[in-house]
Structures are given as C-alpha cells and as structure tokens.
Amino acid sequence: MSSPSPAGSRFLRTTGQHAAIERDEFTDGGYILSIGGAEQSHVNLAEPDDIFYEYLRRIGHIVDLAAPWGEPVTALHLGAGALTLARYIQATRPGSVQYAVELERELLDFVLERLPMPEGTELHTVIGDAREALATLPPELRFDVVILDIFSGPEAPAHIACTEFYREAAARLTPRGVLVVNVGDEPGLTLVRSQVAALRRAMADVAAFAESGLFSGRYPGNIILVGTQGPWPAPWTAALTARGPHPARVLTGVELDAIAEA
C-alpha cells in the first residue's frame, strides 16, 4: 500500500492566507510550497541536498564554507518556510543541531506534517517574531550559522531590518559563526543598500553574493549578504563564484562600497 501524498492545503490564521503543497511534476520526490498562490519553497524529499531555488543554493554554499566539510554545525533559521536549508544541513552535516523560528504556527505544523524532516534531524522549532524569539532562546546557545530569510521587498519589518537586530544576532554566533541575510529586493536595490550599511555596523566585514546582473540595480531579485566576525576570507570569493549558480559575483570592500553608497 502506497503512503499518502504530501500534497494538501492549510489556512494560515496569522496572515489569512492559504498554504498549499503540490508535487513538482519535473522532480522525483520534489514538492512546492505556495502561500497565497505564490511559490515560496521547493523541497526534494528524495535528495534533500539538492536545492532547486538559486538563492537558497547560494546560501547552502556559504554554509558549506562555514565549517570543515561534513562537520556538524549549530544553525538558526529565522524564517522557516519549507525548511529547505535545514534539510540540506542535515543531509550534508549529520548530527547538526538546528533551531527554526517561524511566525506562522499553522505553516510550520503543515510543513512538518506533510514534508517530514530527514531521519535523525535534531530540529527545535520556535513560534513567534524573529527578534522576540531570538531573545527567548537559552542564553548559552551559540550558532555557527544564523540565516535570516524574511525580507521579500522594500516593506521589510523595521525592527528586524536594522543594526540593533543584527548586533543581537551577532552576539549569538560562535567564534567562527557567520550571519547570512537573504534580501529580496526590487530594481534600485533600496533595501539591499540599507541592509549592507546596517550589517556593516554590526559585523567586522560584509560580502554580497548574487547573480552578476542583479548588482546593476535594474532587476528584482535576491542578494545574499554575509556578515563575518573578522576580515572576509579571500578564498571564499573564488569558491562561491566557482560554485554558482552561474553567472555569480561576490562583492566586498570597495566594490561593495559602490552598492552601499549609490
């Protein structure tokens, strides 16, 4: 007897929208999470280390560099979605300890019910606002990777898109830890520019990683910002550029100044 399909839908009371999980017809084991009719996440249950969305693959490459290959890490996901990156970390770094914060209780319950995590995953879930939840975590907790995936346009929450919040997140990092921020922005990159400036005030160094054409500011898209606690490791630039998705570009230092100050 075959197991029931993960496909289904759920009403999200916090936002008043419907979430739906549908099978990806082009990927064996693939499923797509949509919220309010807009695709939000993609999960490959058969191969959780296979990430479909480009910006998430870029974040996955950063996680790859954050610690020696295969070594368990501690990770904090602010904005859970379909837990694509949590699945990736478990697949590539078994034994990792992960926390996921999500505002929508129904969304997290729906995802975990329909798209269960890989066997052996140690995932602790927290329901609530990202900044408030960060403050409630046990004070001794430190993370090798903190991933913020909440921003989706210029209407970013002001209490999160700010230096003060980044400093609070940075205080939760291990000595090798990195703070990764996905910034979905419109042409002009207004939000990207403000977040580069805010992150630079909270971290020792900052890099931006994206499809090369996005830095022109003529197109909407996702730019990944990475805050480090020391100078940006130069070998990471070559590694990220080589890993793609292509064409890829990493901006740091004076090259990033041109984006932040434009």
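Select Arg10 to begin: at 22% relative accessibility, this residue counts as partly exposed (buried means under 20% relative accessible area, exposed over 50%, partly exposed in between, with a 1.4 Å probe and protein chains only). The model is predicted: local features need pLDDT of at least 70, side-chain atom pairs count only at pLDDT 80 or more, and totals for chains, interfaces and linings use all residues. Residues are numbered from 1 along each chain as its sequence is written, and side-chain values use heavy atoms, leaving out hydrogens and water.

Glu113 lies in helix H3 and Arg10 in strand E1, so the pair ties together parts that are 103 residues apart in sequence (helices, H or I, have at least four residues and strands, E, at least two; both are DSSP runs numbered from the N terminus).

Proceed to Asp144 in strand E8, residues 143–152. Asp144 is buried, with a relative accessible area of 7%. Its side chain meets that of Arg176 in a salt bridge (3.0 Å, N to O). Arg176 is in strand E9 (residues 173–185), so this pair ties together parts that are 32 residues apart in sequence.

Finally, select Arg200 and Asp257, whose salt bridge has its closest N and O atoms 2.8 Å apart. Arg200 belongs to helix H6 (residues 190–202) and Asp257 to helix H8 (residues 253–261).

Methods: A salt bridge is a side-chain nitrogen of Lys or Arg within 4 Å of a carboxyl oxygen of Asp or Glu.
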